[in-house]
Amino acid sequence: MKTDNQLRSEFRSALESVTPAAPWLAHAVSKSLDTRLSTKQNDQARPQLRLGLNVVAMLVLIGLVVAVVGVYLTVHPAVVPAHPGVGRVFYPTKMVTASTGWSWVEPSIERRSAGVSPVELWRTTDGGAHWTNVSPPSLPDRPSSYTDNAFLLDATHAWVAEASSGPARPHVTTFRTTDGGKTWHEGASIEGESPDLFFIDPNHGWLVLPVQGTTSAGLYSTDDAGLHWNFTSFAPWAGWPTGNGLTRITFSSITTGWISGWNLMVTHDGGVTWHVQPLPITLPAGGYVSSPTFFDRQHGIAYCCTSNGPGPEMFLVTSDGGITWVVRNTPAEAPPLEVFDFVDANHGWLIAGSNAEFSAVHGAPLPLYRTDDGGLTWVRVPTNVLWRSPDESGYIDSLDFVDEKNGFAMRRKLGDVANPYTQWLSTTDGGRTWTVVVEAPRTP
Amino acid sequence: MAVLTVPITLVQAAKQGDKVAFMSLLEPSLEPGYRLACGMLHDSQAAEDAVQEAAFKAWRKLGQLREGHALRPWFLGIVANECRTVRRSRWWSVLKWPKSEHPVETSPDSGLSGIELRRALRRLDLNKRMVLVLHWYLDLPLDEISAITGISVHAVEGRLQRGMSELRRLMETRDEN
């Protein structure tokens, strides 16, 4: 099998060979632009018949628009004006209760290119209508927002790992808050980069620092909430070419933990040793298992992709602490599935075909499904929203339920990259009725 | 590649109809746009068409570009949409545009190199192909790809992984056959 680097190199040379040099391109574009503009002006010079047709077309169009807007307004709720705090990208967001939650907010590209780059942590206490920046102090020389990581345990406890290039070697420093971001405590600094964090309770946590250029990572643990970190082992860390990948670490107890990726690795001694977890399915090349979510020590669920296109995607469920896993299928019409959320071992939601491919192919509202038996059966939930933006297509970026009734979703417009917007919606009846909490363009 | 922020004065001039200012703004993004189109379409003539059409649309839509925003991701987004259109209605492109007046400089065996990979790449759906080309061929960072494609960085990551896996599988299948 080719390595990622080999494949990437082959990819580049394969496309280079169909990309001949085009030194004339700017001139050709300029000339084409002149031609098109002059043609347009000529068209504008014979307006009589065209004007008449345009008036008729305009009247028809106005009639259509009025009808569509009327239908839309009867279906959609009123939009609350955007708060400045949501004028950027939510990623990822964790709502802890129906009112309180966190948002890990990327700065805009423009701010990053201007050197104002730290990723920020925001918090809401009113269901997302208003947000407050509760970021910890920012270390100097933070190379990129993507090198930071946050772990949001509950309504008040959170950790942020900041990577800093520093004057010498890159290092990572953790910050902890126990009061919702009002105050932060700086923990030890460790040499490394690209951190991944996980905490099982307010005191016990793990910090992963991938060893660059290898498939392992330094694993550190803490029992004092991140003030000090102890080296535990070099853990298997398949990573992913971007370095930001799907390999993640989770723990279901102080001793039992999981590393996801091309397969599922398990530890039963707090991360000192790692083994491959047997699964009920065989993962082909390219298949992967997501980081499992545990609702208690026994019950957990992981998303599993066994093919690379719109093929079988499923959940793996355990009720014995991860010793055995069983397959739970997704609805038949679901592929490709990307957005889902479970609040406990039984209750979960998914939006089938939530990405653009499905919208383009099916051209229909995306169906919301719910399970009350841990994924054994899925029932379609009738909702009052199209899971696409009203004009053409949209993207559901997250589905975040906090209990059986209360949930949130983020919808992003697709296509118009100059003015994309986000919509933050909430439901209080298990997904049947959704209300737009805030709506905002993506601006700095 | 660094993301360049557009100088405000040039944008203002271009928005007021100054074509020279517009071309000055656009020129640094033309080559990445052309590479993106070639990577998507595997046809330099169609790629040139796509870039020219995208440039015209960029001119018409320039009012949508907010001052201080980077032009490149905005323009590459238009090129990407144009590539979709070209693929959907290739006949239109062929009929609409005359043959290029420019000779295509290629080596004797160009096009043969990597033919299996390109064949596999063409079997990927457009969205996966696009993020692969943007990331692996144009070396763009994930955040810029996110801006171009209008999806989250997280989704870009997922799409990259799926695209790479599918590409690998398609190539391995061919190798086995």
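**Salt bridges and a nonpolar patch**

Arg35(B) forms a salt bridge with Glu31(B), and their closest N and O atoms are 4.0 Å apart. This is a predicted model, and the distance is computed from it. Both residues sit in helix 2 of chain B, which spans residues 19-41. Four residues separate Arg35(B) from Glu31(B), about one turn of the helix.

Arg35(B) has a relative accessible area of 12%. Buried means under 20%, so Arg35(B) counts as buried. Glu31(B) has a relative accessible area of 47%. That value falls between the 20% and 50% cut-offs, so Glu31(B) is partly exposed.

Now widen the view. How many salt bridges does the structure hold over all chains? There are eight. Two of them are taken up here, and both involve Asp139(B).

Start with Arg8(A). Asp139(B) pairs with Arg8(A) in a salt bridge, with 3.5 Å between the closest N and O atoms. The pair crosses between chains. On one side, Asp139(B) lies in the loop between helix 7 (126-137) and helix 8 (142-149) of chain B. On the other, Arg8(A) belongs to helix 1 of chain A, residues 4-16.

Next comes Arg12(A). The side chains of Asp139(B) and Arg12(A) also meet in a salt bridge, at 2.7 Å from N to O. Why does this pair join two chains? Asp139(B) lies in the loop between helix 7 and helix 8 of chain B, while Arg12(A) lies in helix 1 of chain A, so the pair joins two chains.

Arg35(B) and Glu31(B) pair within helix 2 of chain B. By contrast, salt bridges with shared partners join Arg8(A), Arg12(A) and Asp139(B) into one network.

Finally, turn to the surface of chain A. Met58(A), Leu59(A), Val60(A), Leu61(A), Ile62(A) and Leu64(A) make up a nonpolar patch there. Together they have about 590 Å² of accessible area.

Terms used:
Residues are numbered from 1 along each chain as its sequence is written. Chains are lettered from A and ligands numbered from 1 in the order in which they are written. This is a predicted model: local features need pLDDT of at least 70, side-chain atom pairs count only at pLDDT 80 or more; totals for chains, interfaces and linings use all residues. Side-chain values use heavy atoms; hydrogens and water are left out. Buried means under 20% relative accessible area, exposed over 50%, partly exposed in between (1.4 Å probe, protein chains only). Patches are made of residues with over 30% relative accessible area and no salt bridge: like charges are joined within 9 Å, nonpolar side chains (Val, Leu, Ile, Met, Phe, Trp, Tyr) within 5 Å. Accessible areas come from the Shrake-Rupley method with a 1.4 Å probe; for residues, only the protein chains shown count as cover.
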